[in-house]
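I opened the model today to look up a few side chains and rings.

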Amino acid sequence: MTKKQAKIFLIAAIVNVILIISLLVFINIKKNELREEKEKEAMANTTQEPTTTATETETETETEEVTESQEELLMKSVEEEIMQMTIEEKVGQMFFVKASPYYDQSVFDTYQPGGVILFGSDVDNKTADELRAYIENFQSYSRYPLFIGIDEEGGTVSRISSNSYLVDEPFYSPRYIYEQGGFKAVIEDSHNKSQLLKSLGFNMNFAPVVDYSVDSGDYMYRRAFGSNIDETCEFATLITYAMRSDKMGSVLKHFPGYGNNGDTHSSIITDYRDYETFVQQDFRPFEAGIKAGADFVLVSHNIVVSMDDSMPASLSKNVHDILRNELGFEGVIVTDDLAMSGVSDFVSSDKAAVEAVRAGNDMVLVTDYEVQFEAVVAAVKDGTISEDQIDMSVKRILLCKYKLGIIDDLGTY
């Protein structure tokens, strides 16, 4: 091949390469154009759909507005009712009194309690009809419908199911039921309790126990759910939801958590555990129940040194501030029974309810209501307790009664 032929061959090869590259560029351009056309079509289709989406959004907005409007109307109704109440009527709503067969109309006219709690002696040997009539008497005496409560935890604390006239056999403890059938069985058991209690006239069960206990020798061990903190949190969540669905008032107890401590029914108990222990374990089941919508939290009488080394939890403002501000509880806070030694050995009976309200309790659980009631009324009138604080507590109480269906229409009372 001559030099001239080689040069011609090289030029031809270069031309072919250029043609191939041009062809590839042309094909790529066409592909891009086709893709852009498809994207434009997709955009066109998308812009034709928002009519439905907008309508759905408007509907959702209207629903939210209706819900907010209903909540606002309820709050307004509650506030108007409180404005019409006397100090005595408002203070009365804050008392959860122990039941008695000797109560008559005069008791409710004078003290106007917000709730009545029944114990074993109120239930023993009564038939369902007798117990129902017993409870209906209390409601008939009261201007405002009452919380009617009882401790029906199952296991060692079974006020109702220990009566063979009412139930064939007592309810087992949640711990035992879980071991036998898991959470499904625990939830079913909760529904069964609520159904029985409602049929008898109760609207509040002082349960569930969400204390965390790991040692079988602990006072609270047999009443606590288990030794696994995550399972205890799950229990608190599921039982609270189950009770809400049944419109049965729930009470998370015993804040801030018993742990391995003794019985405050018989003596003053001091808890020396560090605050971090409560954050990492004891608070968690309460937080779970609160998020699930618990109605009440019951505060124990333990002196918890890491929160307040001088006052029982039930009388400690700092403990109540933690419950409100750290755990975010907006419902009703109630004391454990103020007649228990954990308080009665610490403060005189005529001052216990006053100190409990000053600490931040919305309701006080009492036996000697006459003395305690007069003391709280006097404390409000002399400024020891602000009437604004009383109003806030009564607002929580009335809202809770409304949401549980205990009160239908505030304007009728």
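**Ground rules.** I am working on a predicted model, where local features need pLDDT of at least 70, side-chain atom pairs count only at pLDDT 80 or more, and totals for chains, interfaces and linings use all residues. Residues are numbered from 1 along each chain as its sequence is written, and side-chain values use heavy atoms, with hydrogens and water left out.

**Whole chain.** I looked up the secondary structure and found 14 helices and 12 strands. Helices (H or I, at least four residues) and strands (E, at least two) are DSSP runs, numbered from the N terminus. Of the 413 residues, 48% are buried (under 20% relative accessible area, 1.4 Å probe, protein chains only). I then checked contacts (heavy atoms within 4.5 Å). Of those with a separation of 6 or more, 73% join residues 24 or more positions apart.

**Asp-295.** I found Asp-295 in the loop between helix 9 (275-291) and strand 9 (296-299). Asp-295 is buried but has no salt bridge (a side-chain nitrogen of Lys or Arg within 4 Å of a carboxyl oxygen of Asp or Glu). Arg-244 is the nearest side chain of opposite charge, 6.5 Å away. What does the side chain of Asp-295 reach at 3.0 Å? It is the backbone nitrogen of Ser-250. Leaving out residues up to four places away in sequence, I list the neighbours that Asp-295 touches as Met-248, Gly-249, Ser-250, Phe-329, Gly-331, Val-332, Cys-400 and Leu-404.

**Aromatic pairs.** My search of the whole structure gave 22 aromatic pairs. Rings of Phe, Tyr and Trp (its six-membered ring) pair if their centres lie within 6.5 Å; planes under 30 degrees apart count as stacked, over 60 as edge-to-face and the rest as tilted. Phe-108 and Phe-138 have ring centres 6.3 Å apart and planes at 35°, so I logged the pair as tilted. Phe-108 is in helix 4 (residues 105-111) and Phe-138 in helix 6 (residues 128-141), so the pair ties together parts 30 residues apart in sequence. Both Phe-108 and Phe-138 are buried. Phe-278 and Phe-283 are also tilted, because their centres are 5.9 Å apart and their planes at 45°. Phe-278 is buried at 0% relative accessible area, and Phe-283 is buried at 3%.

**Cluster and charges.** One aromatic cluster includes Phe-95, Tyr-103, Phe-108, Tyr-134 and Phe-138. I also looked for charges over rings (NZ of Lys or CZ of Arg within 6 Å of the ring centre and within 35 degrees of the ring normal). Lys-126 lies over the face of Tyr-134, 4.5 Å from the ring centre. The charged end of Arg-175 sits over the ring of Tyr-221, 3.9 Å from its centre.

Key:
Buried < 20%, exposed > 50% of the residue type's maximum accessible area, 1.4 Å probe, protein only. Lys, Arg positive; Asp, Glu negative; His and termini not counted. Polar contact = N/O pair within 3.5 Å; in protein donor to acceptor, adjacent residues only side chain to side chain.
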